[in-house]
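Here is a friendly walk through one protein model, from a surface patch to a strand and its charged contacts. Have the structure open as you read.

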Amino acid sequence: MSKILVNEIGHNNDTTAMTIDSGGNISEANKEYFLVRLTSVITGLSDNTTNVVNFNSNGAVEHDTKSNWDSTNNAYQFDSADGVYLITYSIGIMSPTIGTEVMVDGGVTMMFSNNDFSSFINAPQFGNGVRVNDSAANLQGSVALSGSTIYKNTNANTKLQMRVYGNTSGSSTYEVAENANELTGGTFNNGAHTDCTYFSVVRIA
């Protein structure tokens with residue numbers, strides 16, 4: 001059996017692309033990955049409206065290997081104009097008062113744009129929605145939505161942004177939760193340490 005024994009793989013201009021340690025573990029020097037999450041509840045969102053999720057004011061960027069977070073637009077810019085990406089999102093939408101069951105509808109959409117959201121790239125946007133008001137008008141206090149997709153970018157300067165929709169009965173506002181406990185009427189172990197609103201981006205090709 002033949003082996004190629006090297007510690008590094010790189011371009012012929014001496015730029016290192018990959019290292020291999022003594023245990024055989026591979027590390028890619030320019031790997032692109034990103035994660036932003038809420039760190040406090042977003043309150044006072046007008047009922048029956050769609051809003052940009054304000055991670056800049058109510059959240060924190062945990063990983064951003066390419067420094068591509070756009071805090072002005074609450075958006076992540078893909079580093080490659082032709083990369084393939086795994087995108088994952090989660091969001092908790094809730095009544096403005098714990099224990100008050102007023103949610104009728106909720107929705108989330110991940111929006112793509114290459115002109116700072118003056119217009120949108122529709123190939124595709126993706127997200128989720130739910131109708132939580134049943135035929136007997138029984139309502140819920142909160143709803144959680146999540147999903148993932150593989151996205152092939154074909155445009156320079158493409159950015160990704162999360163937007164949320166909430167519709168309530170008997171309230172002028174809705175909220176976006178930071179952790180899982182906030183979506184419940186009580187508490188559970190480690191619920192306060194369980195993020196429920198975030199999105200992440202990893203380049204896979």
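## Terms and model

A residue is called buried under 20% relative accessible area, exposed over 50%, and partly exposed in between (1.4 Å probe, protein chains only). This is a predicted model, in which local features need pLDDT of at least 70 and side-chain atom pairs count only at pLDDT 80 or more, while totals for chains, interfaces and linings use all residues. Residues are numbered from 1 along each chain as its sequence is written, and side-chain values use heavy atoms, with hydrogens and water left out.

## A nonpolar patch

Ile150 counts as exposed because its relative accessibility is 58%. This residue lies in strand β13 (residues 142-152); strands are DSSP runs of E with at least two residues, numbered from the N terminus. Together with Leu86 and Ile204, Ile150 makes a nonpolar surface patch of about 270 Å². Such patches take residues with over 30% relative accessible area and no salt bridge, and join nonpolar side chains (Val, Leu, Ile, Met, Phe, Trp, Tyr) within 5 Å. The areas come from the Shrake-Rupley method with a 1.4 Å probe, and for residues only the protein chains shown count as cover.

Strands pair if DSSP finds at least two bridges between them. β4 runs antiparallel to strand β16 (residues 198-203), joined by five bridges, and Arg37 has Tyr198 as its bridge partner there. With strand β7 (residues 59-64), β4 also pairs in the antiparallel sense, over five bridges; here Phe34 stands opposite Asp64.

## Salt bridges

The structure holds five salt bridges, each a side-chain nitrogen of Lys or Arg within 4 Å of a carboxyl oxygen of Asp or Glu. One of them joins Arg37 to Asp195, with the closest N and O atoms 3.4 Å apart. Because Asp195 lies in the loop between β15 (173-177) and β16 and Arg37 in strand β4, the pair ties together parts 158 residues apart in sequence. Arg37 and Asp195 also belong to a network of salt bridges with Glu62.

Lys159 and Asp70 form another salt bridge, at 2.8 Å between the closest N and O atoms. Lys159 is in strand β14 (residues 159-168) and Asp70 in strand β8 (residues 69-70), so this pair ties together parts 89 residues apart in sequence. Lys159 is buried at 10% relative accessible area, and Asp70 is buried at 13%.

How values were computed:
Helix = DSSP H or I, 4+ residues; strand = E, 2+ residues; numbered from the N terminus. Patch = residues over 30% accessible without salt bridge, like charges linked within 9 Å, V, L, I, M, F, W, Y side chains within 5 Å.
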